[in-house]
Amino acid sequence: REIEGELRAALQRDELSIFFQPIIDLATGKIRSFEALVRWFHPEKGELRPDEFIPVAEETGAIVTLGNWITAQAARAAAQWPDDITLAVNLSPLQIKAPGAALGILNSLRDAGLSPTRLELEVTETLFLEDSPTVVSFIEELSAVGVRFALDDFGTGYSSLGYINKWPFSKIKVDRSFVSGPNVGRKSDAIIRAVSQMAATLDMDIVAEGLETIEQVSAVRDAGCNLGQGYYFSRPVPDYLAAMLLAQD
Ligand code: G
Ligand code: G
Ligand code: G
Ligand code: MN
Ligand code: NA
């Protein structure tokens, strides 16, 4: 595919960059962490979203190189932040299943000078669809040095509670379909409440994603989410703007 060779060249030509979206403590209004979101500024096609090239990178195996590059770049920015601000990075299932995946991430952190305890890896349920020893050792190796895991897009899969029972997640990210859209109402609110209560009991953080209005912020806070993320607070921004947000916080 055309985009495949271009992706390789893009890394060399510096066309990719990492944006950062703050995750806010809903009790204090302060920034708790930033999620790294990759962007590709293509010379002809303009801004490409990850949905358009991450799947291609997965198919071609380029995701391993790309993923380690993303982690390294994001960690380099995060190393400049105050120590109590953490970095969240999205991982593709294929990236995790590649040989040496944990080592690749730890090397990226070391090169960037970021402590593993400041990294949180966001994974989705699709990672666990097959119960592989590779996934087990990936999670054990990184947990052992203090890396944390967040269950992303919670509520869109099939057996999220089973995964929470089995794996050491420290955070649940409630999918934005529970916050806005046709399926939001009494039922979605009750689900957020129940999951928030569970999260608090288990000492997990719970983030509501896709918050765009003050009403949505109030609703998820009242329902028990302790963290929030979305355009209401900030769009994903370049590293220098993330640093400015922190300076003003
Ligand atoms: O960034 P957007 O805001 O468009 O993200 C779209 C999707 O791409 C999300 O599901 C997000 O998790 C994923 N995504 C964004 N950045 C990365 C990345 O660095 N690595 C991987 N694997 N997925 C990413
Ligand atoms: O604030 P406290 O020490 O009680 O927090 C214990 C744990 O519960 C922490 O992991 C914190 O993130 C989480 N937590 C705190 N407040 C809330 C909340 O309102 N809802 C949920 N779900 N978790 C919370
Ligand atoms: O799958 P994941 O949760 O990693 O993806 C995050 C995605 O959500 C990114 O595409 C990001 O740009 C997008 N996003 C972040 N905040 C908002 C928001 O408030 N509204 C909408 N529609 N999308 C958001
Ligand atoms: Mn995510
Ligand atoms: Na999500």
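Two residues are in contact if their C-beta atoms, placed from the backbone, lie within 7 Å. By that rule, residues 24 or more positions apart account for 64% of the contacts in the protein with a separation of 6 or more. The model on display is a predicted one.

**The whole chain**

Begin with the entire protein in view, coloured by secondary structure. Ten helices and nine strands make up its elements. Along the principal axes, the C-alpha atoms fill a box of roughly 50 × 40 × 35 Å. A compact globule of 249 residues would have a radius of gyration near 18 Å, and the protein agrees with this because its own value is 18 Å. Of the 249 residues, 38% count as buried.

**Helices α1 and α2**

To see the contact itself, display the side chains of Ile3, Glu4 and Leu7 in α1, which meet Phe53, Val56, Ala57 and Thr60 in α2. By class, this contact has five nonpolar residues, one polar and one charged.

**Ligand 2**

Move to ligand 2 and select Ser196, Ala199, Ala200, Asp203, Asp205, Ile206, Gly224 and Asn226, which surround it. Helix α8 (186-201) and strand β8 (205-208) each supply at least two residues of this shell. Which element gives the largest share of the shell around ligand 2? That element is α8, with three residues. The shell divides into three nonpolar, three polar and two charged residues.

**Ligand 3**

Finish at ligand 3, which has 14 residues around it. Select Asn90, Gly210, Glu212, Gly230 and Tyr231, the residues that come nearest. How many residues of each class does the shell around ligand 3 have? Six are charged, four are polar and four are nonpolar.

Methods: Residues are numbered from 1 along each chain as its sequence is written. Chains are lettered from A and ligands numbered from 1 in the order in which they are written. This is a predicted model: local features need pLDDT of at least 70, side-chain atom pairs count only at pLDDT 80 or more; totals for chains, interfaces and linings use all residues. A residue is near a molecule or strand if its C-beta atom, placed from the backbone, lies within 6 Å of it. Ala, Val, Leu, Ile, Met, Phe, Trp, Tyr, Cys and Pro count as nonpolar, Asp, Glu, Lys and Arg as charged, and the others, Gly among them, as polar. Helices (H or I, at least four residues) and strands (E, at least two) are DSSP runs, numbered from the N terminus. The radius of gyration is taken over C-alpha atoms; the globule rule is 2.2 Å times the number of residues to the power 0.38. A residue is buried if 20 or more other C-beta atoms lie within 10 Å of its own, exposed if 12 or fewer, and partly exposed in between; C-beta atoms are placed from the backbone.
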